[in-house]
Amino acid sequence: MESSVHKQLQGYLFRHKLISNKQYGFKPNHCTADLLTVLSQTWNSILDKGGEVYIVALDIKGAFDQVWHNGLLDKLSAKGITGPLHSWLQNYLEGRSIQVVLSGQSSSPQPINASVPQGSILGPLLFSIFIYDVVEQCDNSIFLYADDSTIYAPVTTLNGPNVAASLNKDLENIRRWADTWKVTFEPSKCQATVLSRKRPPSCPDLFFGATRIDLFEQLNILGLCIDKKLLWTNHLSNICKRAGQRLGALRRLANKLDVKGRANVYKAQVRSIMEYSCLAWMNASQTTLGQLDNIQKKALKIIGEDEDTALRKYAISQLSHRRTVAATTVLFKMHTENCPEDLKALLPPPDLLCRTTRRARPSHALKLPKSNTKCLGRSFLHSAVTTWNCLPCTVVVPSSWDSYTTLDPPTPHPGLSHSSTLAPPTPEL
């Protein structure tokens, strides 16, 4: 029954865009890697132009336990969810109790008027409905992943003096929203930092209520360690430390596994750590990324195969190659619109061949974004576009092919008939 209600309720909310596109949690085709890629690419572009970024990370205390039933039911009504379904959801939430069991002894059940059942099918969706309007409290950019909120504001020479005041206004609006809907933020977990490559960087005064928010040298957002210059040195050092620990465990188990078993354990337990949200930090320096390559070289010695054999038999390719493939795959998702709207907005415009020749052909190539620094030039978007532009037309065709209908079609593939080239071939990667 929950699955049926969830499917229809989610379809209604998405169809009428009643859930903010800034919420990346509990939504199909959305994940932490997408959000981190959007934030990293945006922040790198701001730093590339000589600007700064003020970032504030907020955390709701208790998260699912903070969902006030009466408030949630009011928000459901405001979204047009009334009648029998509203009554069913009210009955679903009410009449619940909580009990503590310790050392075999149980407390008496106590009624509760808040929270959604954790581990339930409907719980995450109801939580998203309850906090969706926190986005409306901010003039600056805000992104959510479940209960984690990240607010940021770019700082330029024009708006510099007003950015801190604007952020403080947003924070005050969020505090008032929290008081209205009986939501508690954890002040000790509210952190802030300033991304800057200037000397000295700005040092804004930010407050959440009466509590001053401390500025940190680095910030942890969804598992990524964000340093002040966005160079990813500390983050990749932490990754290498964790991967090295698991590699040590693999070394101790190596004599109990065959070659295939050691390769599978490496890919599942070690390499997965070194590739989490890799598109966000793939612009790190070659020296820093080289630490990950050293981990893989040590792993290959434990597995007992050289690079060529490991690639041919067990699909263990170079980490840099895997990052390039991942970046190009995400770019393809951006073409097909099978991705979050903010990620789609990063897609560069087509780089059409505008030449006064007898036969001007369209190209699937995209305009390579300009970069003033090598750091931005190594970022996800630049790397993906560079690779994308090198692919042949028979492999990649833009989804927006209709915009080229006034131009001639591409040169037919030798294995295709003339009639088969009137429509673009199916994109494959």
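Colleague: At what distance from the ring centre of W181 does K75 lie over its face?
Modeller: This is a predicted model, and the value is computed from its atoms. A charge counts as over a ring if NZ of Lys is within 6 Å of the ring centre and within 35 degrees of the ring normal. K75 also lies over the face of F130, at 4.7 Å from the ring centre. For W181, the distance from K75 to the ring centre is 4.2 Å.

Colleague: Why is the pair of F185 and F208 called edge-to-face?
Modeller: Ring centres within 6.5 Å make a pair, and planes over 60 degrees apart count as edge-to-face. The centres of F185 and F208 are 5.5 Å apart and the planes stand at 65°, so the pair is edge-to-face.

Colleague: Is F185 buried or exposed?
Modeller: F185 lies in the loop between helix 6 and strand 8. Buried means under 20% relative accessible area. The value for F185 is 6%, so this residue counts as buried.

Colleague: What is the strand order in the open sheet of four strands?
Modeller: Strand 6 (141–145) and strand 8 (191–195) each pair on one side only, as the edge strands. Strand 1 and strand 7 run antiparallel and are joined by eight bridges. The pairing in the sheet is antiparallel, and the order is 6-7-1-8.

Colleague: Which helix lies across strand 1, strand 6 and strand 7?
Modeller: The helix in question covers residues 160–180. Running at about 160° to strand 7, it is helix 6.

Definitions and conventions
Residues are numbered from 1 along each chain as its sequence is written. This is a predicted model: local features need pLDDT of at least 70, side-chain atom pairs count only at pLDDT 80 or more; totals for chains, interfaces and linings use all residues. Side-chain values use heavy atoms; hydrogens and water are left out. Two strands pair if DSSP finds at least two bridges between them. Helices (H or I, at least four residues) and strands (E, at least two) are DSSP runs, numbered from the N terminus. Contact means heavy atoms within 4.5 Å. Axes are lines fitted to C-alpha atoms, for helices over the stretch in contact, and angles run from 0 to 180 degrees between N-to-C directions. Rings of Phe, Tyr and Trp (its six-membered ring) pair if their centres lie within 6.5 Å; planes under 30 degrees apart count as stacked, over 60 as edge-to-face and the rest as tilted. Buried means under 20% relative accessible area, exposed over 50%, partly exposed in between (1.4 Å probe, protein chains only).
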